[in-house]
Amino acid sequence: MDEDPEAYLHQDAPAEPLPSIEPIIEPEANPYGRLDFQYNRNNYLYCLRQESYPGVDVSAFQGNIDWQKVKDSGIRFAMLRLGYRGYESGKLVEDEYIQQNLEQTKAVGMPIGAYFFSQALSIEEVDEEIEFFMNILGDFPLDMPIILDWEQITVEGSRTIGMDARTLTDIQLHFCKTMTEMGYQPMIYFNWHQSENLYYLSELEEYPFWLALYQDRMTYPWKIEMWQYTDKGKVP
């Protein structure tokens, strides 16, 4: 069985909503709305009300990449997957293409950030993941944030079923504090369902937010710094 969690990235959220988390303290409101974004000639979505930059999120699923073509097309940064934890076994695995992507983005001068696809259930497992992916990253410099990309996989046998908001918020706070102390800029990744059911967002506002919301009109109510607006986009 394929244990790479990205195989299940785009499944629907659980049919039954999780119990409400209390207390709910609203984070800062999103100042941008439906009419504040439009596509440019390369079909990349831009914000009209401030300077913004198109980027890509890549892992082994994208295979071999011609990074010069990507850069020449107008892409300004890349978020690279360092590895993942198996959603059943909990095994830590290096992304098959990460060394190639690190070397080739550097060769063409593409700014990068990085993420690890986490299935951690505790602070101890987060520390294990940090040690693992830092051995992969080494002293490679990052221009963009580093992210503990925690996503709930709901297929049978998944170890993350039943995760609660208190535990996951504490996991992210620990990750962000640790990475800050190591000299990196951490960021919090989530989709709309996660943000309402698995995080106390107001406790995480010290760090920038990365939202996965696959649509071309901004309707999310809270402030974010990075918007992953499609899982079907094409880049040269």
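Reader: Which residue of β4 does D57 stand opposite?

Author: D57 faces M79 in β4. Bear in mind that this is a predicted model. The two strands, β3 and β4, pair in the parallel sense, with four bridges between them.

Reader: And which residues of β3 sit on its covered face, and which on its uncovered one?

Author: β3 runs over residues 55–58; V56 and V58 make up the covered face, while G55 and D57 are on the uncovered one. V56 and V58 are also among the contacts of W67, setting aside its sequence neighbours within four places. The others include A78 and L80, plus N101, Q104, T105, V108 and M110.

Reader: What about helices? How do I read those?

Author: Start with the general idea: an α-helix has 3.6 residues a turn, so residues three or four places apart point the same way. Now take α3, residues 123–137: its 15 residues reach 21 Å from first C-alpha to last, close to the 21 Å expected.

Reader: Which residues of α3 are buried?

Author: They are E125, V126, E129, I130, F133, M134, I136 and L137. These cover an arc of only 165 degrees around the axis, which means they lie on the same side of α3. On the face turned away from that buried side you find the exposed residues E124, E131 and N135.

Reader: What do the buried residues of α3 pack against?

Author: Quite a list: the strands β4, β5, β6 and β7, together with helices α2 and α4. Just past the end of α3, G138 has a positive phi of about 60 degrees.

Reader: How should I think about a core?

Author: In soluble globular proteins, nonpolar side chains tend to be buried together. Here the largest nonpolar core has 57 residues, and W67, F133, L137, F175 and Y220 have the most contacts inside it. α3 gives the most to this core, with six residues. Another core, of nine residues, lies apart from it; Y115, I147, M187 and A212 are among its members.

Reader: Now a loop residue: is M218, between β9 and β10, buried or exposed?

Author: M218 is in that loop, yet M218 counts as buried because its relative accessible area is 4%, under the 20% cut-off. Beyond its neighbours within four places in sequence, M218 is in contact with N30, Y32, G33, R34, F37, I224 and W227.

Note on methods:
Residues numbered from 1 in each chain as written. Predicted model: local features only at pLDDT ≥ 70, side-chain atom pairs only at ≥ 80, totals over all residues. Heavy atoms only, no water. Expected span 1.5 Å × (residues − 1). Buried < 20%, exposed > 50% of the residue type's maximum accessible area, 1.4 Å probe, protein only. Arc of directions from axis to C-beta. Contact = heavy atoms within 4.5 Å. Core = buried A, V, L, I, M, F, W, Y, C linked by side-chain atoms within 4.5 Å. Pairing = 2+ DSSP bridges.
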